[in-house]
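Here is a friendly walk through one protein model. Please keep the picture at hand as you read.

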Amino acid sequence: MTESPTRVLSKFRAVLDCFLPDNKPMTLTEVAHATGLPLSTTQRLLRSLVAEEFVAKTDAGYALGVGLIGWASAVRRGLNVIDAARPVMEALRDETGETVTLLVRNGLQRICVASVPSRHVISQRSEPGEVAPLQSGSPSKVLLAWDPETTAAVLQRGLVKLTANTITDPAALTSELEEVRER
């Protein structure tokens, strides 16, 4: 029985997504566990992704491959909002002295699509392409504060402790998002 092309693409995406945000190498078993796919299906998908260079196989396991770089670069170039936002981002950086980033929501994650770095030697750096979950950090809270459906999805997925300061209590996150809206 043949599988629907849409379902196959969903499985490929699930495999690729499990390497976000840091592209830490994972074993076949870890990928299968992270995606919830059977081991045999995961192995078949990884074999295809390796053949297309979307995933690389190393001694440490599997990781995202160089075949994705050209696509990521083309996506960035095609985002006209970056060109429109750059002068405003530079002005904001010059006024505050801090790094300014342009982020977009993608599912339950945020992706940095542009960054204007601070001129300070020591500063927070975010690079285009960096991915982070929508539950943590001030940029995520800004994105969630006016999006009750996505907030509900984040809460339903569960709040995972990512750092010592990550909010894991749903009531505390909800309260903080109310505070963000007031500010």
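The largest pocket has a lining of 33 residues, and Leu20, Leu64, Leu68, Trp71 and Ala72 lie nearest its centre. The pocket holds about 1200 Å³ of space. Here a pocket is an open set of points, on a 1 Å grid over the protein atoms alone, where a 1.4 Å probe fits and protein lies on both sides within 12 Å along at least five of seven lines; lining residues have an atom within 4 Å of a point. The volume is the space filled by probe spheres set on the points, which are joined across faces, edges and corners. α1, α4 (69-78), β3 and β4 (109-116) each supply at least two residues of this lining, and α4 gives the most, with six residues. Helices (H or I, at least four residues) and strands (E, at least two) are DSSP runs, numbered from the N terminus.

A word on the source: this is a predicted model, in which local features need pLDDT of at least 70 and side-chain atom pairs count only at pLDDT 80 or more, while totals for chains, interfaces and linings use all residues. Residues are numbered from 1 along each chain as its sequence is written, and side-chain values use heavy atoms, with hydrogens and water left out.

Next come the nonpolar cores, each a set of buried Ala, Val, Leu, Ile, Met, Phe, Trp, Tyr and Cys residues joined through side-chain atoms within 4.5 Å. Buried means under 20% relative accessible area, exposed over 50% and partly exposed in between (1.4 Å probe, protein chains only). The largest core has 13 residues, and Val15, Phe19 and Leu46 are among those with the most contacts inside it. α1 (5-17) and α3 (39-51) each supply at least two of its residues, with α3 giving the most, three. Beyond its neighbours within four places in sequence, Leu46 is in contact (heavy atoms within 4.5 Å) with Val15, Leu28, Val31, Val55 and Tyr62. A second, separate core of eight residues includes Met89, Leu102, Val113 and Ala114.

Which residues of helix α7 (residues 148-157) are buried? They are Thr150, Thr151 and Val154. Seen down the axis of α7, these residues fall within an arc of 105° (taken from the directions from the helix axis to the C-beta atoms), so they line one face of the helix. Their cover includes β3 (100-106), α6 (138-145) and α8 (170-182). On the other side, Pro148, Glu149 and Gln156 are exposed.

| Residue | Relative accessible area |
|---|---|
| Cys18 | 17% |
| Cys112 | 3% |
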